[in-house]
Amino acid sequence: MDTAQDGLSDKAISLWQAYQRNKTSENRNNLAEFYLPLVRIVAGRLAINLPTHIDKDDLLSSGFFGLLDAIERYDIERKNKFETYASVKIKGAMLDYLRSRDWLPVSVRQRVRKYEQTLNHLENELGREATDEEVASAMGITLGELKNIMGQLGAATVMPLDEYIQAETQDYSNPGPQESLERQELQDTLAKAIDRLPEKEKLVVTLYYYEELTLKEISLILHLTEARISQLHSKAVLRLRGQLARMKANLV
């Protein structure tokens, strides 16, 4: 192992060297304990929009197993940063846990899906951002009812964009030529979709997913409440899903 890799601390180098010499459960667990804060960071970011009935300890446990999987599969010789690779595995394990819980009520999914379809249809037809009044009118509901639906967007949209961005980095440790090409195309498509977002939503997506800031940190930068940042994030996810779907359809 190149001990100068990516500025690893002396302790990290020592733990990785021990694991490479002898891949015992003890050495693996020592590495997992060292990187445990990474699981808490990923869980904290993912849990922002989750409903209160989701057990955070179960979320952490699933992430820990993702970390163990990352340690076992990580290819040190490729000299990719472990934290980047592990974060994908940890988040993937947490998303698998959420899917297994079927944690979002069907009624909420249906309301959000109708909102998403209406929003995308309107904006495709208008060629611009649709106002809340226009969306409410198209759905045949009041602004108050629309705001109630938008209050449920956070829980409904925490997974879709994360899954898309997760797909952008899967097989990170050992991509073949075809996987590298597909990843680049995926990155380009996502970048184009983000660039078409309204300015505030674009900034929120960039700061949250790529700069990895929390909603609280973003709220301080934009001088908006965390609730407003969460709403902007949710609307951005729905717009991105619609744009990505249209881009994919145009390529077929």
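A residue is called buried here when its relative accessible area is under 20%, exposed when this is over 50%, and partly exposed in between (1.4 Å probe, protein chains only). The model is predicted, so local features need pLDDT of at least 70 and side-chain atom pairs count only at pLDDT 80 or more, while totals for chains, interfaces and linings use all residues. Residues are numbered from 1 along each chain as its sequence is written, and side-chain values use heavy atoms, with hydrogens and water left out.

**Overall composition**

The protein has 14 helices and zero strands; helices (H or I, at least four residues) and strands (E, at least two) are DSSP runs numbered from the N terminus. Of the 252 residues in the protein, 44% are buried. Among contacts (heavy atoms within 4.5 Å) with a separation of 6 or more, 65% are between residues 24 or more positions apart.

**Two helix pairs**

Two packed helices are described by the angle between their axes and the distance between the axes. Axes are lines fitted to C-alpha atoms, for helices over the stretch in contact, and angles run from 0 to 180 degrees between N-to-C directions.

| Helix pair | Angle between axes | Distance between axes |
|---|---|---|
| Helix 2 (residues 25-34) and helix 4 (residues 56-73) | about 120 degrees | 10 Å |
| Helix 12 (residues 199-210) and helix 13 | about 140 degrees | 10 Å |

Angles under 35 degrees count as roughly parallel, over 145 as roughly antiparallel, 65 to 115 as roughly perpendicular and the rest as oblique. Helix 2 and helix 4 are therefore oblique to each other, and helix 12 and helix 13 are likewise oblique.

A crossing is left-handed if the near helix is turned anticlockwise from the far one by less than a right angle, and right-handed if clockwise. Helix 2 crosses helix 4 in the right-handed sense. On the helix 2 side the contact involves R28, N29, L31 and A32, which meet F64, L67, L68, I71 and E72 of helix 4. By class, six residues of this contact are nonpolar, one is polar and two are charged. For these classes, Ala, Val, Leu, Ile, Met, Phe, Trp, Tyr, Cys and Pro count as nonpolar, Asp, Glu, Lys and Arg as charged, and the others, Gly among them, as polar.

The crossing of helix 12 and helix 13 is right-handed. Helix 12 contributes L203, V204, L207 and Y208 to the contact, and helix 13 contributes L215, I218, I221 and L222. The residues of this contact comprise eight nonpolar, no polar and no charged.

**Helix 7**

Helix 7 (residues 132-139) has V135, A136 and M139 as buried residues. Seen down the axis of helix 7, these fall within an arc of 100 degrees, so they line one face of the helix; the arc is that of the directions from the helix axis to the C-beta atoms. The buried residues of helix 7 pack against helix 6 (106-126) and helix 8 (143-150). After helix 7 comes G140, with a positive phi near 75 degrees.

**Single residues**

S219 belongs to helix 13 (residues 215-222). With a relative accessible area of 7%, S219 is buried. Leaving aside residues up to four places away in sequence, S219 touches L224, T225, E226 and I229.

D57 lies in helix 4 and counts as exposed, at 53% relative accessibility.
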